[in-house]
Amino acid sequence: MSIETIIGAWVATGLTLFIFSFLYKDNPLFKLAENLYVGVSVGYTIVKTYDTVIVHLIWKPIVENKEWTLLIPVAIGLLMLTRYVPKAAWLSRYAFAFIVGVGSGLAIPRTISSFILKQIEDTVRPLMVLVPGEGVAFTWNLLNPASSVNTVIILIGVSSVLFYFFFSVEHTGPGKAVARTGILFLMIAFGAAFGYTVMARMSLLIGRLTDLIEFSDGSYGRPTVWLLLLTIGTLIYLSRRHQNEPPKEE
Amino acid sequence: MSFAERMLKIDRRIIFLVIGLCTLLPLLYPVGLPIKISPEVRAVYEYIESLPEGSVFLMSLDFDPASKPELYPQSVALLRHAFRKNLRVIGMTLWVSGTGLADQIMTQVAKETGKESGKDYVFLGWSPGGTAVIINMGQDLYSAFPADYNGKPTKGLPVLQGITNLRDVNYAISLGAGNPGVEAWYVFGKDKYKFELAGGCTGVMAPGLYPLLRSGQINGLIGGLRGAAEYESLIGQKGKAVAGMDAQSATHLAIIVLVVICNVFYLSLRKTARQQGQARA
């Protein structure tokens, strides 16, 4: 096994255990790992962005391939930096105007088409569907998302939730029943989202524990065992030191 | 203090320990619970199965190491399947912080299956612009990515022969952990350039993507570690996701039990308080 892999295993194990130590209580090991994470991710992003954008997409094409037209987006981009010079800060508005204009122009029609029109189309599907061998029929299969009964459920769900958020009419009488139905649908949606969130968080824990088990192997030098002992030892030391400290005067 | 009150005020670290043990023990001693394949995962598998050899498969690994436990097994399983089917694979990422991980995944699976960079697959890396990159690729793939991740010019690469833009892609999948991800690929990619699209995502994102699945905007969805385990089962190469499923089931069971117990204690406390109130009156 290469030395880089072994060093990587030790670093990964140590940082995982340091982060997990927060579950006991906040401590300097956790702070170390947290700050390293922020620093490394920002550093990585800066280096990758510099290499890809400045070197490969700007410098090389202009200097080596003489693609002078690239100077136009570079100039627009540089206008952003005038924000740091108060007297010339107004120039940055041109860059922002360009970005907002192009961004809105691209995003608004596409978003309306994809998330509003297409979803409305799917919400108001025909109640009767063509079933092979049976002709046009109302299908009752709850497990089939395209069945007629599910179309009715979705229609009721969308309408009642929209009504619940319609505050111009007081939710009394029949309106109260519709709003309560809307709440019911919302609760089911929140429950499903929470269930998936729990699953996702547990998956992250499984991922870290899988790595810790793998790195407890002798071929890596058993970093899990040694660093777990180090983490526990440090937590005990910090806890004892905290107990021995005289109480702070108010 | 009653038993119910004491239990409701239990040190949260004990709960952490219980959840930790419920995760760790099944990982150490797996029991191999059965994995049921969902239609949305099977749809992705069957679409790739139906593609003829040499078809163009674009995989956008739109995640960073923070989502590795869920999306790494998905990407490995999909790549193994695509390489086994001898598809031409184009890999890329819209997340700058995920570039190194995406390259590592592509290289590792290609090496394992004996595929050659530039001939059987290409990893384009990252390009700035987020969703604008998708639009740029839809117009001209080579202007969005003039060179691949290793610096080789993309024009002339055997794997990209006959491909000019996204319209030449037979099947695309975005493995997304946020934005830009699956939704961006639909809005700025499939909706405009008309290629078939599927999604892979973290568990947190899955409920938000089901409406796209039902409306046919994506033809399949692989959600979280469970989705990855289903895909691993479908291709017959069980990996990290399948290994984690026992632990997932055990922790879910533990959480359900904890939620039920907490509610029982809460209701019993409320009942006691009500009885005490009536006795005083």
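Predicted model: local features only at pLDDT ≥ 70, side-chain atom pairs only at ≥ 80, totals over all residues.
Visitor: What is chain A built from?
Guide: Chain A has seven helices and two strands. Along the sequence they follow the pattern α-α-α-α-β-β-α-α-α.

Visitor: What does chain B have in the way of helices, strands and buried residues?
Guide: Chain B has 11 helices and six strands. Of its 281 residues, 45% count as buried. Its C-alpha trace spans about 85 × 40 × 30 Å along the principal axes. Among contacts in chain B with a separation of 6 or more, 73% come from residues 24 or more positions apart.

Visitor: Why is Leu197(B) called buried?
Guide: A residue needs 20 or more C-beta neighbours within 10 Å to be buried. Leu197(B) has 23, so Leu197(B) counts as buried. You can find Leu197(B) in strand 5 (residues 196-201) of chain B.

Visitor: Which residues does Leu197(B) touch?
Guide: Leaving out residues up to four places away in sequence, Leu197(B) touches Ala172(B), Trp185(B), Tyr186(B), Gly189(B), Lys190(B), Ile218(B) and Asn219(B). Take Tyr186(B): it is 11 residues from Leu197(B) in sequence, and their C-alpha atoms are 7.3 Å apart.

Visitor: Why is Arg222(A) called partly exposed?
Guide: Partly exposed means falling between the limits of 12 or fewer for exposed and 20 or more for buried. Arg222(A) has 15 C-beta neighbours inside 10 Å, so Arg222(A) counts as partly exposed. Arg222(A) sits in the loop between helix 6 and helix 7 (223-244) of chain A.

Visitor: What makes the phi of Arg222(A) worth a look?
Guide: Most residues other than glycine have a negative phi. Arg222(A) is not a glycine, yet its phi is positive, about 50°. Asn86(B) also has a positive phi, near 55°. Asn86(B) is in the loop between helix 4 and strand 2 of chain B. With 15 C-beta neighbours inside 10 Å, Asn86(B) counts as partly exposed.

Visitor: How do you know that the peptide bond from Asn179(B) to Pro180(B) is cis?
Guide: Look at omega, which is near 0° for this bond. Most peptide bonds are trans. Pro180(B) lies in the loop between strand 4 (171-176) and helix 8 (182-193) of chain B.

Visitor: How do you know that the span of helix 5 of chain B is close to the expected one?
Guide: Helix 5 (residues 99-113) has 15 residues, and 21 Å is expected at 1.5 Å a residue. From its first C-alpha to its last, helix 5 reaches 21 Å, close to that expectation. Just after helix 5, Gly114(B) takes a positive phi of about 75°.

Visitor: Which residues of helix 5 of chain B are buried, and what do they pack against?
Guide: The buried ones are Thr99(B), Leu101(B), Ala102(B), Ile105(B), Met106(B) and Val109(B). They pack against helix 2 (28-63) of chain A, and against several elements of chain B, including strand 1 (56-62) and helix 4 (68-84).

Visitor: How many residues does each chain bring to the contact?
Guide: Chain A brings 35 residues and chain B brings 40. On the chain A side, the largest share, 16 residues, comes from helix 6. By class, that side has 18 nonpolar, 13 polar and four charged residues.

Key: Residues numbered from 1 in each chain as written. Chains lettered and ligands numbered in written order. Helix = DSSP H or I, 4+ residues; strand = E, 2+ residues; numbered from the N terminus. Expected span 1.5 Å × (residues − 1). Contact = placed C-beta atoms within 7 Å. Nonpolar A, V, L, I, M, F, W, Y, C, P; charged D, E, K, R; others polar.
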